[in-house]
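Subject: Structure handover

Hello,

Here is the structure I said I would pass on. Please look through it first; my notes on what was found follow below.

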Amino acid sequence: MRAAVFAQVAALAMLTFPAAAFQAAQAGIVRKVRTDMAFVQKDSPLQVMGMRSSIYDLAEQVHIANVSGKTIVRAQLGWTMDGCGKAPARAAFVGLPMDLNLAPGQWTTVGRPGITLTDTYRVLNNLSEACGEIIVGVVYVEFSDGGRWNYNLAGTNRFEITKSPEIVDRLSQALKEMRERSSGG
């Protein structure tokens, strides 16, 4: 009899642990978090075209396209975080560098730069924000010829965007392919 009660208590504890861990991440005043991208990021040779979020990473998949005339071999994404609609943001972060082999005009999907739900709620609660907004963009690019492009996110706490028709034209084919792939056709 005692073994059966112990098994039931252990099973109940195992079921409640993940729920309690998730609730701990949401404790505080945060009620909503929105993730967006810096589309079209001014002067960036690499553009973020889209994202998919999950509870594991608010940018679990990031679709990026090379709009430069050179092959990109390494890149780094960054993000800003603050209350909804506030700019410049009060917090900026940089993800880990990633190796690429992205020819001009090509696009790819990269994953999980590290925007965890727990850290997001922690930062937003420390900022006393009930509504959070995360903006993802590019902070570093290295080309196959050794050239580099940097964006000083820590100095600006915002991504500069543009409506450049030239960059949008360069993105059009990649966007079309991305949409076709995601719709299954």
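A residue is called buried here when its relative accessible area is under 20%, and exposed when that area is over 50%, with partly exposed in between. By that cut-off V48, with a relative accessible area of 0%, is buried. Please keep in mind that this is a predicted model.

Overall layout

The protein chain has four helices and nine strands. Along the sequence they follow the pattern α-β-β-β-β-β-β-β-α-β-β-α-α. Of the 185 residues in the protein chain, 40% are buried. The accessible surface of the chain is about 10,400 Å², and carbon and sulfur atoms account for 54% of that surface. If you take the contacts between residues at least 6 apart in sequence, 69% of them join residues at least 24 apart.

Strands of a sheet pair through backbone hydrogen bonds, in either a parallel or an antiparallel way. In this chain, three strands make an open sheet in the order 2-3-7, and the pairing is antiparallel. Strand 2 (46-52) and strand 7 (107-111) are the edge strands, each pairing on one side only. On average, neighbouring strands of this sheet are turned by 30° against each other, ignoring direction.

Strand 2 and strand 3 run antiparallel and are joined by six bridges. R52 stands opposite Q61 in strand 3. V62 has V110 of strand 7 as its bridge partner.

Is strand 2, as a whole, enclosed or open? Five of its seven residues are buried, so strand 2 is largely enclosed by the rest of the structure. V48 lies in this strand. Not counting residues up to four places away in sequence, V48 touches M37, F39, V62, H63, I64, L77, V136, G137 and V138. One of these, L77, is 29 residues from V48 along the chain, and their C-alpha atoms are separated by 9.1 Å.

Strand 4

Q76 is in strand 4. With a relative accessible area of 17%, Q76 is buried. Its contacts, leaving aside neighbours within four places in sequence, are V94, G95, L96, P97, M98, V138, V139 and Y140. The C-alpha atoms of Q76 and L96 are separated by 6.2 Å, although these residues are 20 apart along the chain.

Aromatic rings

The count of aromatic pairs comes to three. W79 and F93 form a stacked pair, 6.0 Å centre to centre with 25° between the planes. W79 belongs to strand 4 (residues 72-83) and F93 to strand 5 (residues 91-94), so this pair ties together parts that are 14 residues apart in sequence. W79 is buried at 5% relative accessibility, whereas F93 is partly exposed at 29%. The ring centres of Y151 and F159 are 5.7 Å apart and their planes are at 20°, so this pair is stacked. Y151 and F159 are both buried. Together with W149, Y151 and F159 are linked into a cluster by ring pairs.

A charge also sits over a ring: the charged end of K70 is over the ring of F143, 5.0 Å from the ring centre.

Backbone points to check

Most residues other than glycine have a negative phi, and most peptide bonds are trans. The places below depart from that pattern.

- F39 and V40 are joined by a cis peptide bond with omega of about -5°. V40 is in the loop between strand 1 (32-37) and strand 2.
- The peptide bond from A87 to P88 is cis, and omega is near 0°. P88 is in the loop between strand 4 and strand 5.
- S128, which is not a glycine, has a positive phi of about 60°. S128 is in the loop between helix 2 (117-126) and strand 8 (131-143), and at 54% relative accessibility it counts as exposed.
- N157 has a positive phi near 55° and is likewise a residue other than glycine. N157 is in the loop between helix 3 (153-156) and helix 4 (165-183), and at 17% relative accessibility it counts as buried.

Regards

Conventions
Residues numbered from 1 in each chain as written. Predicted model: local features only at pLDDT ≥ 70, side-chain atom pairs only at ≥ 80, totals over all residues. Heavy atoms only, no water. Pairing = 2+ DSSP bridges. Helix = DSSP H or I, 4+ residues; strand = E, 2+ residues; numbered from the N terminus. Axes fitted to C-alpha atoms, helices over the stretch in contact; angles between N-to-C directions. Buried < 20%, exposed > 50% of the residue type's maximum accessible area, 1.4 Å probe, protein only. Contact = heavy atoms within 4.5 Å. Areas by Shrake-Rupley, 256 points an atom, 1.4 Å probe, with all protein chains shown as cover. Phe/Tyr/Trp six-rings, centres within 6.5 Å; stacked < 30°, edge-to-face > 60°. Lys NZ or Arg CZ within 6 Å of the ring centre and 35° of its normal.
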